[in-house]
Amino acid sequence: MLSIAICDDSKESRDTIKTYVEKFFAEKAYIYKLSEFASGEELLADETSDIVLLDVEMAGIDGVEVKNKLKYDSKTRIIFVTSHSEVMAEAFGANVIGFLTKPIDYKMLSGKLEEAVAGYSRDSRYITIESSGNVYKAEKILLMDIVYIKSDDRYTEIIVNDGRQIFSDKGIGSYEQELKEDFGLASRSCLVNFRYVKAIDKNIKLKTEESVSLSRRRVKAFKEQYREYVKRQVFI
C-alpha cells in the first residue's frame, strides 16, 4: 500500500492538495493511505512516506532542508509545491520528481503523481538470493537496497545498505545478466548498483562513503552504462 504525505504549513493548501490526491487515487483505484503534516519537523519525525507533496517555504525547517535531511537511501519521492519559482534551483536533488506552483493545477499534479507511482513500482523490485551450503536458504532483497555484489572463486557476496553481507551460490555473471539495467561491472569480481554511485574517477566513490576499484578495462563501458542509467531515471 502506498503511503502519501502532504506537508504544508497552510491548511488551505493542504485541503486543496488532499482533494486532488483523493481524486487521483479514486480514478486509478489504487490502495493508499494519506497523512498530513503542518511542518517539516513533523514529517521528518515520521519519515515513513513513499510520496511526499512538500511545500518549499515553511516556518522552521523548510522543504529544501527536509529534502537534505532525508537519508541518501530513502525511498521517499518528493513533489515540491511552491509559490516562488525562483527557489526551484536549490530544491533539485535525489528523489525529487518535480515542482508544482501554487495555485495547484490538478492536471499537473496528477502527472507528477503518475511519475511517482511508476518510480515506487520500480523500486519495489526484488531478487531472491539463494545459498545451499549446509542448509538451503532463500531471501528476498529489494534491488534498491543492494549497494554492490562481489565474488571470489567460492561464493558471491551481496552488500546491503544496512551493513549486512549475504552470501549466494550464484555466480556474478548470472547477476550481471539479471541486473544489467541497474548495475554495472566495475571489475570481473564486482558489480555496482548505479543508484549508489557518487562519483567516478580512478575508483568508484559510493554514497555509502565506500570506494570500489574500477578496472582500467571497464572505465569506458562503466561510464557509458552509468550515463544511460541516469538518462532513464525520472528522479535526478
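## Ground rules

Residues are counted from 1 along each chain as its sequence is written. Since this is a predicted model, local features need pLDDT of at least 70 and side-chain atom pairs count only at pLDDT 80 or more, while totals for chains, interfaces and linings use all residues; side-chain values use heavy atoms, leaving out hydrogens and water.

## The whole protein

The protein has seven helices and 15 strands (DSSP runs numbered from the N terminus: H or I of at least four residues for helices, E of at least two for strands). Of its 236 residues, 44% are buried, meaning under 20% relative accessible area with a 1.4 Å probe, protein chains only.

## The five-stranded sheet

Here's an open sheet with antiparallel pairing, in the order S10-S9-S8-S12-S11 (two strands pair if DSSP finds at least two bridges between them). S10 (165–168) and S11 (183–187) sit at the edges with a single partner strand each, so one side of each has no neighbour in the sheet.

Look at S9 (residues 156–160): it pairs with S10 in the antiparallel sense through four bridges. In S10, Ile-166 is the bridge partner of Ile-158.

## Helices on the sheet

Helix H6 (residues 172–179) lies across S8 (146–151), S9, S10, S11 and S12 (190–193), at about 145° to S8. Angles run from 0 to 180 degrees between N-to-C directions, with axes fitted to C-alpha atoms, for helices over the stretch in contact (heavy atoms within 4.5 Å). Helix H7 (residues 219–232) also packs on the sheet, touching S11 and S12, and its direction makes about 165° with that of S11.

Methods: Buried means under 20% relative accessible area, exposed over 50%, partly exposed in between (1.4 Å probe, protein chains only).
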